[in-house]
Structure formats: C-alpha cells, structure tokens
Amino acid sequence: MSRAVVYEEFGGPEVLELREVPEPHAGPGEVRVRVAAAGLNPMDWGIAARPEAAAQFGITLPSGFGYDFAGVVDEVGPGVTAFAAGDRVHGGALGRAVADHVVVEVPGALFPTPDGISDEVASTLPVAGSSAAAALAAIGLRAGDTVLIGGAAGGVGIFAVQLAKLAGATVIGTASESTFGFLRELGAEPVAYGPGLADRVRAFGVTAATDLFGTETAEAALALGVPPERISTIAAGPIPPGGVRATGGADAEPGALARITAAIVAGELTVPVAAVFPVEKIRDAVALQAGRHVHGKVVVTL
C-alpha cells in the first residue's frame, strides 16, 4: 500500500484526508516517482474548494490533491529512455501530487533536478516558475523596462520579481505593507495595493506590467497609458480587461524551468520557503497557504 491525500467532497482543508491507497506502478511510457516533497499553490485548494474550478481542470470526485512534486524515479516503464531509476526529478501531476508515489507519462511535465537544489525547493518550481516566466514573456520584458508586478510577494511573484531583475528591468511590486521588507530583499520597490495604485506608481515611469492576482494592477497600468500588449495577467480569466494578455504556466517557453533551476544553482535566484509541513499536517499546510499572508512557498514533505 501507499499513502495519498484525497478528498471525497468539495470544501476547505477539513475535507483533505491522508489515506492508504493501492500502490501505483509505471506502465509503458511512464515512470513512477517516490515523492519527497510537494509544493502548494492557490490552484490546489481552489480546485478542492470549488466544483466549478474542478470542472475547468477535469477533476471529479473522489480526487487526489496537489500538482507540484519532487522526488526520485523508482520505477521505469517499458519504452522510457529519458529517465532511469535513481534520477532526481520534479514536475507536475494534476490532482495526484501529494502522495508517496506518482506515476507520470514521459515525455510530460517531468524535469531533472540539478545537484545543489533540494527536493523542497524543486517542488515549488513547476507552477510558480512556469507562470512567472510566461507572464514576463507575454509582455516582451527587456532590459531597461520598469515593470509593475501585482501580487509581487506571492508564490508566483517571488519568481517574477527575480526573473525581471535578472532581465535588467526595474521592478515595482504591489503588496501589503507587512511584506515591504521582504520585497526589497528580492530587489523590488514595494508599493501598497488598493485604490489609487496608478497615482502611487505614476512617477516611476512604468513601461510594462503583469498582474498575478486579479485585475487591479492591469487596470492601473492601462490608466497610466501602458499599451495592452505590454500587460499580462494570470488570474483574470480568459478575457482580461482592456485587451491585455491572459497567460499561464502552460504558455511558458520550452526550457523556462531549466533556466530557472540554472539561476538557482548559480545563486542568482532564491526560493523563499516559508514553511514545511509533514504530510500528516496537510490541513494545517493548506490553511496557512490559503490565508495568503505567508511570504514565500509552503511545502509538504512525505
């Protein structure tokens, strides 16, 4: 038997249960990963809490939980040559990641974990890293830009801020005042979100923007005269305001995660892990992450 976090009804953290389940095995074109860590994202508890969100991703009850994971390949199915038993990997498995074992297709959302990156850090990369890379690529971010990043202290924001700095941009990040010091450490100039945002950032000369939380930052950038094609959103739905660009992790360029892991190994990008919980404390981990007051990523270990 193996363990997995599952839920049989939609709701908050209280619906999540750690159960023994039949041990999965790799079939043709698949590998099995012994999961060491799983990084949490807003989409995880959003899917578990809202039937309409689950339907968008094709999730039906009962379901497993989570997407991001990291661990070691421990079983290789026939026909697989890209990975071998013992390889350290990280990747995504929608609705199945928080479990002792995950079986994934190859090729698919599975990537090598370089030496020098822990499983805890690797497990935070697939959704947030890909989403940040896609958000910046959609606006053609370049050296010399002054980019306004909405939700800069969140799970995607911590990557977007640092990737923008590495690209040679000046970063203005919206956040609550309690995170201002944290954002300055990442290299951003923090500003408070809320009414009047456009007026507060007008003097910075914003040339591009990405909204990682809703539409407030996108609307402020439009009000400042930033062209719609230089504004992106990842959480405003398929038709964001004013013709700005909707994007997400699936749109990330090939090699985006490899470039992020290389930057981590080189010491150019850091991943703040705010809290680590054993899988037995999955409800506490999700409650903390869903509260949206944590600075950095929340990770569950198995």
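Helices (H or I, at least four residues) and strands (E, at least two) are DSSP runs, numbered from the N terminus.

This is a predicted model, in which local features need pLDDT of at least 70, side-chain atom pairs count only at pLDDT 80 or more, and totals for chains, interfaces and linings use all residues. Residues are numbered from 1 along each chain as its sequence is written, and side-chain values use heavy atoms, leaving out hydrogens and water.

Two strands pair if DSSP finds at least two bridges between them. Strand S12 (residues 208-211) and strand S13 (residues 231-233) run parallel and are joined by three bridges. Thr210 has Ser232 in S13 as its bridge partner.

Now turn to antiparallel pairing. Strand S3 (residues 30-39) is joined to strand S5 (residues 68-76) by six antiparallel bridges. Val35 is partnered by Gly71 of S5. S5 also runs antiparallel to strand S6 (residues 88-92), through five bridges. There, Asp68 has Gly92 of S6 as its bridge partner.

On a 1 Å grid over the protein atoms alone, a cavity is a set of points where a 1.4 Å probe fits but cannot get out; lining residues have an atom within 4 Å of a point. One cavity of 30 Å³ or more turns up in the whole structure. The largest cavity has a volume of about 60 Å³, the space filled by probe spheres set on the points, which are joined across faces, edges and corners. Its lining includes Tyr7, Phe65 and Leu94. Helix H1 (residues 42-49) gives the most to this lining, with three residues.

Overall, the protein has 10 helices and 16 strands. Its C-alpha atoms fill a box of roughly 60 × 40 × 35 Å, taken along the principal axes.

Terms used
On a 1 Å grid over the protein atoms alone, a cavity is a set of points where a 1.4 Å probe fits but cannot get out, and a pocket is an open set with protein on both sides within 12 Å along at least five of seven lines; lining residues have an atom within 4 Å of a point.
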